[in-house]
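Here is a short report on one protein chain. Keep the sequence and the model side by side as you read.

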Amino acid sequence: MIGYVTLGTNDLDKAVTFYDQLLSSIGAGRFIETELFVAWAKSPGNPGFTITKPFNGARASVGNGTMIAFTMDSPEQVDAFYQKAIELGATDDGRPGPRGEMSGFYAGYFRDLDGNKINAYHYQAPEA
């Protein structure tokens with residue numbers, strides 16, 4: 001259903017360096033690049049993730065209640081992705097672990113270098 005998501009940045013070079021390293025850890029690479037934005041995906045037909053300078057020239061800002069979630073293959077991959085983000089300069093916004101409000105949901109939350117909220121999660125539906 002989702003084709004791609006886009007977050008704004010005030011320092012494209014810094015954001016691209018951060019996301020090149022973070023997203024390569026899950027097998028995603030650049031597939032579109034211009035002077036204003038860079039987009040990553042695991043393959044061209046998969047949903048993409050884009051960082052951009054705002055088109056209107058104004059400063060990028062963080063949306064209140066906005067969050068981008070990356071699905072992971074396991075809780076261990078959630079842990080590794082979260083840890084990689086922290087190593088690259090992201091800030092903790094909820095260490096990885098089970099979330100009691102939803103059985104089988106394991107997630108970690110962090111803020112990227114521009115303050116955007118990112119979630120890495122794995123969901124294993126409970127057996128009936």
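Buried residues make up 35% of the 128 residues in the chain. Buried means under 20% relative accessible area, exposed means over 50%, and partly exposed lies in between (1.4 Å probe, protein chains only). The model is predicted, so local features need pLDDT of at least 70 and side-chain atom pairs count only at pLDDT 80 or more, while totals for chains, interfaces and linings use all residues. Residues are numbered from 1 along each chain as its sequence is written, and side-chain values use heavy atoms, with hydrogens and water left out.

**Overall fold**

The chain has two helices and eight strands. Helices (H or I, at least four residues) and strands (E, at least two) are DSSP runs, numbered from the N terminus. Along the sequence, their pattern is β-α-β-β-β-β-α-β-β-β. The radius of gyration is 15 Å, close to the 14 Å that the globule rule gives for 128 residues, so the chain is as compact as a globular protein of that length. This radius is taken over C-alpha atoms, and the rule is 2.2 Å times the number of residues to the power 0.38. Along its principal axes, the C-alpha trace spans about 50 × 30 × 25 Å.

Contacts also reach along the sequence. A contact means heavy atoms within 4.5 Å. Among contacts between residues at least 6 apart in sequence, 50% join residues at least 24 apart.

β3 is mostly covered: four of its five residues are buried. Two strands pair if DSSP finds at least two bridges between them.

| Strand pair | Sense | Bridges | Hairpin link |
|---|---|---|---|
| β2 (residues 29-33) and β3 (residues 37-41) | antiparallel | four bridges | three residues |
| β3 and β4 | antiparallel | four bridges | six residues |

Now look at single bridges. Gly29 has Ala41 of β3 as its bridge partner. Glu33 has Val38 of β3. On the β4 side, Phe37 stands opposite Thr52.

**Pocket and cavity**

Rolling a probe the size of a water molecule over the atoms shows where empty space is left. Here a 1 Å grid over the protein atoms alone is used: a cavity is a set of points where a 1.4 Å probe fits but cannot get out, and a pocket is an open set with protein on both sides within 12 Å along at least five of seven lines; lining residues have an atom within 4 Å of a point. Grid points are joined across faces, edges and corners, and a volume is the space filled by probe spheres set on the points.

The largest pocket has a volume of about 460 Å³. Of its 20 lining residues, Pro47, Gly48, Ala69, Phe70 and Thr71 are the closest to its centre. β3, β4 (48-52) and β5 (68-71) each give two or more residues to the lining. β5 gives the most, with four. By class, the lining has 15 nonpolar, three polar and two charged residues. Ala, Val, Leu, Ile, Met, Phe, Trp, Tyr, Cys and Pro count as nonpolar, Asp, Glu, Lys and Arg as charged, and the others, Gly among them, as polar.

How many cavities of 30 Å³ or more does the structure hold? One. Among the residues that line the largest cavity are Leu7, Met67 and Lys117.

**Ser25**

Ser25 sits in the loop between α1 (12-24) and β2. Ser25 is partly exposed, with a relative accessible area of 40%. Not counting residues up to four places away in sequence, Ser25 touches Phe81 and Lys84.
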